Amino acid sequence: MFQYISRRVLQFIPVFLGVTLLLFLTANYLPGADPIQLKMGEKAIDPATKARLLKNLGLDRPWYAQYVDYLSALSPVHVVYYDGTTPEADPKVPAGALKQTGTVALIIPRIASEVPPKGVTTISPREGMTYTRGEVARWAIGGLTLEFDPPDLGTSIYNGRKVLDILGETYPYTVKLALSAIILEIIFGIGAGIVSAIKKNSFWDVLVTLSTSILVALPVFWLGIMLQYTFAIWLKDATGGAFYLPATGASGEFADWVYLILPSITLASVSTAYAARIMRSQLLEVTGQDYIRTAYAKGLPARKVLWGHAMKNALIPVVTFIGLDFGGMLSGAILTESVFNWPGVGYTIFRAIVGRDFPIVYGGVTIILFAVMFMNLLVDISYAFLDPRIRFGGGES
Amino acid sequence: MSKRFRVSMALAMALVLLVSMAGMTGCKAKTTPSKDGGTGAGDIVKGGTMSFYIGEPAYIDPYNTQESEGTEVEQSLFDSLTRVDPLDPKNLVGAAAESWEPNADATVFTFKLKAGAKFSDGTPVTAKDFVYAWNRIVNPNTINTLTKKVDASVIGYHLAFVKGYDDVVGGKATEMSGVKAIDDATFEVTLSQPFADFAFVVAHPALAPVPQALVEGGVDYNGAKVPFGDFPVGNGPFKMAEPWKHGQYIKVVANENYVGEKPYVDGVDFKIFKDTEAAYTEFEAGNLDFAPIGEGKIKIAQEKYGVSADGYTVNPGKQVVLGAENATYYMIFNMADKDLKNLALRKAISLAINRQAICDTVFEGTREPADNILPPGIAGYEKGAWEFAKYDVAAAKAALAEAGYPEGKGLGTIKLSFNSGAGHEKIMEIVQSDLKAIGITTVFDSADFPVYLKSLDAGKFQVARLGWLADYPITDNFLYPLFQSKSGDNKSKIVDPAVDKALDEARKITDDAGRIKAYQDINKTIQAQVPVSPLMFYKHTRVGSSRINNFVWDAQGLGDFTKVWISPAK
């Protein structure tokens, strides 16, 4: 198992590099105005200001240099070689603060704060940019230094904020919404599927089949708006405010979890219907198999046959679906976030794509990439528990 | 129960579910109009918090507020030197300045600051705070307080007339020689060229004073330092209640240190929305006091909430504001194009467009046909001044014949360019059919916004659309950027040395009436060349709740939160 997990983790690396490289290439070759002009809308910006801002953001450099900047800033570890010559005196660095002097001969530069913390060497490999090195720790052996810094995803072009700050405040909301939606999906999707399968052709089966057909056909945003009209407006008026739910937002006059109800129902709706249908068909297929008949023939009680034998096999496709769906939800839900004004990451990235705010797009994709790859790993591992025949690692396959 | 019965029951229940969901589209929120008949003249009640829709601002730190969302918040926290009268944009009133005086040729402006003015933290506002704030806007190495990194402002152009601006932008100096604190209460600005309307420029909310110590050292909040960019401290009627909660809200409360008239409300909650439709739903749910009206709901909103008498003021029962904005929607002609360099052809196109039809069918009457590039709220506006900005099919046909293309014969297909996905398609369809009616065949050339902007900059268009919202409600802010030959916003590329010279001359005229007359003459010269064709004036489409009184949302789209008061809950 350990071997399998480490192999999967190592497989992250080419996937990560492939996706991000593709992203940088696409962003670089997108036709149209630059992000600074887009920030100004239809108003012209004087060329000198534009050039200065592009330079400040490092956007004047070729795409591969920007890509190296991005990878380097993201990486917490850097190997740097200082050649030992004394750099030009920098008035911003307190006297005696430098543990090691030298112009940098071989570096992967990183972008960081303008005023460096004490004990850190500053270097300016290109005009208008200052890098700090070894913010967390540094070990030097001769001219060769190992430096540790917190990962950095750059700053937004549109509002000049740190991308990590922006994602740090939006991503928890995305995770919250995804978790509550997935819980609904597991309870109602799997539950309805089981009921529908074991009571095949009954009233409940028809009800589940019909409701899931309707839910699959409903556009998510429309369902969201309808829920808002019913629970935030109509019920508020009809009951004089005795029972109603918030229309939008993530906090306010109600307890915070109440704000999750309508968005998570909306987000979960379509997938719950799919989960129920997959559960139903899988369970029906499995219960028709020989080993189930054998189990019944051996005199096992129906409950034990269902939970002990049928469910384990029937669950594998459902778990795959729900796991991948959860990964999708962790990438943000643009429609649900817009309708309910939910402060998640999906809309933030969408806006960034439209406004060509590349650092947010790169940073957002990076975080989502890690989340989705992690979820896929969890799904794969869960197979082992559901079906012992599925082995991981070693030479077996 | 037979199986068939159970199946039919299930079918029926599913149908009921579907029908009830569909039926909900027709649900309307019930609102009870206020008893006082909407005059807003009842006894003013103090207290309460007004909630106000905004999108997520880019900046609320004055040094870089350029879009409407950030400006809305920022102007509640800061007072610039002057302020445009919310209900009469041709008029200026003092804000941080008690009085101001230009010299004879409008190159030196002296502002006397109000005595006793303080920032919300209690420190006095002096002329030095203006010097610091203005240099901060122009300096290319200004640090963004949120990241401590260089993040130059994009709105330095407001101060491009100030002496020494070029030196600071070019890195030769860090302070503009033209801004001086003569003493604590006297702020003197020297311009590099005359500009009589400069007192309107300084009304821009971004040109407010900022306290240097807090900008550079951060603001104390709950025992911690918060960056100024998330917690700006200003000299305006309100102050931040807590740091900006990005993506969710910005809460401001009345500033007890404000030197002007104190607001009636305790505070304003700027609720941040991603989507205007969601904001309108929140308004209908009764949780938002001022919101944009959802698409296609303007007529219903007018019936339900009543229309504001002057178009800008909200009172109970008269809640929908539909006043004209200081903004124009217009078509631009590429005057370097082989076809469009023909003046008579430009006239023909301009005369062929049925502006009223566009306003009525596409915008439910919430836009007004334009007869001038200047909107009616601007001092130089004259009704019908743009003689070709009207719908006259016979004249259009005659002009087309004069252009050498009788009934369109001999004229190739003209490209109509616009940015896709922003609602312009419906307008362009009408323009296309109007042009077809006089014999001009057009083809759509739409692209997403970034690509569209680039093609305009590169001059790769024939006829295209644009909108212009004035930074300050003055004639110069339309005519100079749009038609001065070297301006970046002159996308039609009209080059007329006489117009350039006249625009520079008009800026020197300190007599208001004389200056307005000069601009009107320039406007006439420009319109005769038909570089653009004004189509519509933008209008407000927002609605206030029945509990707010005397709330003015002015033609620039800025709310006056000092006069609004809230009816007590019944």
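In chain B, an open antiparallel sheet is built from four strands, ordered β4-β5-β9-β8 (strands are DSSP runs of E, at least two residues, and helices are runs of H or I, at least four, numbered from the N terminus; two strands pair if DSSP finds at least two bridges between them). The model is predicted: local features need pLDDT of at least 70, side-chain atom pairs count only at pLDDT 80 or more, and totals for chains, interfaces and linings use all residues. Residues are numbered from 1 along each chain as written, with chains lettered from A and ligands numbered from 1 in written order.

**Exercise 1.** Find the edge strands of chain B's sheet, then look at how β4(B) pairs with β5(B).

*Solution.* Start at the edges: β4 (97–102) and β8 (179–183) of chain B each pair on one side only. Next, follow β4(B) to β5(B), residues 108–113: they share five bridges, antiparallel. Along the way, B:S99 sits opposite B:K112.

**Exercise 2.** Which residues does B:W134 contact, beyond its neighbours within four places in sequence?

*Solution.* Take contact as C-beta atoms, placed from the backbone, within 7 Å. That gives B:L159, B:M176, B:V179 and B:L207.

**Exercise 3.** Which residues of helix α11(B) are buried, and how are they arranged around the axis?

*Solution.* Count C-beta atoms, placed from the backbone: buried takes 20 or more others within 10 Å of a residue's own. In α11(B), residues 393–402, B:A396, B:A399 and B:L400 are buried. Their arc (from directions between helix axis and C-beta atoms) is only 100°, so they lie on the same side of α11(B). Their cover includes α9 (343–352) and α12 (424–438) of chain B.

Technical notes. Contact = placed C-beta atoms within 7 Å. Buried ≥ 20, exposed ≤ 12 C-beta atoms within 10 Å, placed from the backbone.
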